[in-house]
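Me: I'm new to this one. Can you walk me through a few spots?

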Amino acid sequence: MAINLFIIKLSIICMNLTDILGQPICFTMLMGIAGISIASYLGKLTLLSLISFWIALVFLILLTSFFILNLKRLKYEMVDLISIISGLTLLIIRLRLSYPSPFYFIPLMILSIFYFVIAYKVFVSLKQVTFKHHLLGVAITLLSIGLRSYITLLSLIFASIGILIYFTITALILKSIMTTKRDIIGIINGATWIQMGLSALISFAITPFSKLVSLVFCYLALFLLPIVILVSILKLISVKIIRYHPSLWSVIFPQAVFSTDTFSLIRERLIVLPILYDVSFSVLLSAFSLFILFLSFTIFSVTR
């Protein structure tokens with residue numbers, strides 16, 4: 001009897017895992033922890049970088065496995081698939097930091113092809129734009145960073161497309177808010193952070209090509225950081241019950257990429273603000289702490 005109850009409980013947990021981890025948007029979990037690993041590497045936090053790197057590999061196996069298991073009954077938005085491309089690209093970028101190889105060029109080019117196919121389908125069927133659509137800019141900018149040491153011109157083109165998408169999606173969101181008079185607090189979720197994260201990511205990607213543009217986007221990220229913190233607090237105040245949702249994970253990657261960008265600019269001495277390192281370090285610790293917190297939420301959602 002006890003064995004049967006254990007098997008039933010295990011089956012329920014597996015089904016819940018498939019429902020939660022089998023969604024493509026859940027690859028934002030991989031984006032978050034891989035981003036933390038890269039930021040830690042640049043910030044010379046070796047232990048945190050190694051721990052988060054191995055966690056990223058575990059998440060890659062789990063998310064890929066459950067995504068494949070969930071394919072037959074999967075319902076998703078096309079833009080969610082961009083998080084898969086982003087997560088895999090981030091992991092390749094992290095691998096290259098420790099294990100340089102020319103062979104990473106092949107998977108990066110394959111991911112680039114998938115990106116443009118998915119991006120085309122997203123724009124063709126675009127009905128209501130949200131902050132989540134900034135993932136389009138995130139993915140192409142990450143591909144720009146990944147291809148930087150292979151084809152410089154292609155990297156510049158991809159970074160330029162990322163900038164164009166950033167302003168396009170931002171304009172569409174503002175237009176939607178003004179024309180439909182939507183409740184601003186109502187549209188705020190974890191994906192709101194991607195607005196800030198993408199500006200920091202563009203700053204990091206464009207640095208080799210234009211120091212001025214890089215600084216502009218870095219200061220934009222610095223300007224947006226307190227704003228997204230404030231609107232997130234207002235959102236928390238406005239809701240009575242906090243429920244688990246995959247969009248929660250979208251908060252982590254932007255913080256990680258913010259730390260990555262600022263650590264990089266500090267190392268290159270483009271910004272000489274002593275307090276900026278402390279801010280970057282604090283944001284990185286916040287990202288890792290939230291990762292642990294949201295992972296606890298996920299485990300609770302699966303086992304309850």
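Me: Is Ile 151 buried, partly exposed or exposed?
Reply: Partly exposed, because its relative accessibility is 34%. Buried would need under 20%, and exposed over 50%. Keep in mind that this is a predicted model.

Me: Where is Ile 151 found?
Reply: Ile 151 is in the loop between helix H6 (135-146) and helix H7 (152-180).

Me: How far apart are Ile 151 and Phe 105?
Reply: In sequence, 46 residues. In space, 9.3 Å from C-alpha to C-alpha.

Me: Switching to helices. At what angle do H2 and H3 pack?
Reply: About 160°, with 8 Å between their axes. H2 covers residues 28-42, and H3 covers residues 46-69.

Me: So are they roughly parallel or roughly antiparallel?
Reply: Roughly antiparallel, because the angle is over 145 degrees. H2 passes H3 in a left-handed crossing.

Me: And what about H2 with H4?
Reply: H2 and H4 (residues 81-98) pack at about 25°, their axes 8 Å apart. That is under 35 degrees, so H2 and H4 are roughly parallel. The crossing of H2 and H4 is left-handed.

Me: Now the surface. Which residues make the nonpolar patch?
Reply: Ile 229, Leu 230, Ile 233, Leu 234 and Ile 237. The patch is about 460 Å².

Me: Where does Ile 233 sit, and how exposed is it?
Reply: Ile 233 is in helix H10, residues 211-238. Ile 233 counts as partly exposed because its relative accessibility is 43%.

Methods
Residues are numbered from 1 along each chain as its sequence is written. This is a predicted model: local features need pLDDT of at least 70, side-chain atom pairs count only at pLDDT 80 or more; totals for chains, interfaces and linings use all residues. Side-chain values use heavy atoms; hydrogens and water are left out. Patches are made of residues with over 30% relative accessible area and no salt bridge: like charges are joined within 9 Å, nonpolar side chains (Val, Leu, Ile, Met, Phe, Trp, Tyr) within 5 Å. Accessible areas come from the Shrake-Rupley method with a 1.4 Å probe; for residues, only the protein chains shown count as cover. A salt bridge is a side-chain nitrogen of Lys or Arg within 4 Å of a carboxyl oxygen of Asp or Glu. Helices (H or I, at least four residues) and strands (E, at least two) are DSSP runs, numbered from the N terminus. Buried means under 20% relative accessible area, exposed over 50%, partly exposed in between (1.4 Å probe, protein chains only). Axes are lines fitted to C-alpha atoms, for helices over the stretch in contact, and angles run from 0 to 180 degrees between N-to-C directions. Angles under 35 degrees count as roughly parallel, over 145 as roughly antiparallel, 65 to 115 as roughly perpendicular and the rest as oblique. A crossing is left-handed if the near helix is turned anticlockwise from the far one by less than a right angle, and right-handed if clockwise.
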